[in-house]
Amino acid sequence: MANINEMFAGKYLGAVDIDEDMDVTIIGESEVEVTNEGRKEMKFCLHFKELDKPMILNKTNAKAIAQVLGSANTEDWVGQRVTLYVATVDSFGKQVEAVRVKLRAPKAAAAMKDLTRRANVNTQNDESDIPF
């Protein structure tokens with residue numbers, strides 16, 4: 001028997017596409033026309049190196065990415081990594097699963113940032129501190 005999520009796979013990233021927390025690299029954005037409850041509207045999408053489907057960028061995820069990456073300019077997001085996860089949210093009076101962005105940098109990116117910070121501190125030490 002087929003899985004209905006596979007039979008009716010969406011064009012855009014959804015909760016059914018993510019099994020567990022996923023670190024992804026932003027490679028670009030696009031603007032697409034989508035039909036929502038019979039009306040056409042333009043939406044921004046983010047594209048990721050690790051995924052085939054783009055994610056429609058909603059306000060919640062846009063603010064989370066801006067907070068994690070320290071910039072509200074989407075051009076600054078390219079090449080940066082974020083962590084996607086699935087959360088249960090209220091949507092029009094129903095509980096549904098949705099893709100969300102963690103409010104912290106992925107572990108590898110955070111570790112690299114910490115190493116860089118430590119390296120900068122170590123190179124700023126005065127040579128007179130060296131005990132020989």
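Biologist: In what order do the elements of the protein chain run from the N terminus on?
Modeller: The order is α-β-β-β-α-β-β-α. That comes to 3 helices and 5 strands. Keep in mind that this is a predicted model.

Biologist: How much of the chain is buried?
Modeller: Of its 132 residues, 27% count as buried. The accessible surface is about 9700 Å², and carbon and sulfur atoms account for 51% of that.

Biologist: And what share of the contacts join residues at least 24 apart?
Modeller: 48%, taken among contacts between residues at least 6 apart in sequence.

Biologist: Switching to charges. How many salt bridges does a search of the whole structure find?
Modeller: The search gives 4. One of them pairs Lys 102 with Asp 21, with the closest N and O atoms 2.8 Å apart.

Biologist: Where do Lys 102 and Asp 21 sit in the chain?
Modeller: Lys 102 is in the loop between S5 and helix H3 (107–123), and Asp 21 is in the loop between helix H1 (4–7) and S1. The two are 81 residues apart, so to speak a link between distant parts of the chain.

Biologist: Is Lys 102 buried, exposed or partly exposed?
Modeller: Lys 102 counts as partly exposed because its relative accessibility is 23%. Asp 21, at 41%, also counts as partly exposed.

Biologist: Which residue forms a salt bridge with Arg 81?
Modeller: Glu 50, with the closest N and O atoms 3.0 Å apart. Arg 81 lies in strand S4 and Glu 50 in the loop between S2 and strand S3 (55–56), so this pair ties together parts 31 residues apart in sequence. There is also a salt bridge between the side chains of Arg 39 and Glu 41, at 3.5 Å from N to O.

Biologist: Which residues gather in the patch of negative charge on the surface?
Modeller: Glu 29, Glu 31, Glu 75 and Asp 76. Asp 76 is in the loop between helix H2 (59–69) and strand S4 (81–91).

Biologist: Backbone next. What is the phi of Glu 37?
Modeller: Positive, about 50°, although Glu 37 is not a glycine. Most residues other than glycine have a negative phi. Glu 37 is in the loop between strand S1 (22–36) and strand S2 (39–48), and it counts as exposed at 73% relative accessibility.

Biologist: And what about the phi of Phe 92?
Modeller: Phe 92 has a positive phi of about 55° and is not a glycine either. Its loop runs between S4 and strand S5 (94–101).

Biologist: Buried or exposed, that Phe 92?
Modeller: Phe 92 counts as exposed, because its relative accessibility is 80%.

Definitions and conventions. Residues are numbered from 1 along each chain as its sequence is written. This is a predicted model: local features need pLDDT of at least 70, side-chain atom pairs count only at pLDDT 80 or more; totals for chains, interfaces and linings use all residues. Side-chain values use heavy atoms; hydrogens and water are left out. Patches are made of residues with over 30% relative accessible area and no salt bridge: like charges are joined within 9 Å, nonpolar side chains (Val, Leu, Ile, Met, Phe, Trp, Tyr) within 5 Å. Accessible areas come from the Shrake-Rupley method with a 1.4 Å probe; for residues, only the protein chains shown count as cover. Lys and Arg count as positive and Asp and Glu as negative; His and the chain ends are not counted. The place of a charge is taken as NZ of Lys, CZ of Arg, CG of Asp or CD of Glu. Helices (H or I, at least four residues) and strands (E, at least two) are DSSP runs, numbered from the N terminus. Buried means under 20% relative accessible area, exposed over 50%, partly exposed in between (1.4 Å probe, protein chains only). Contact means heavy atoms within 4.5 Å.
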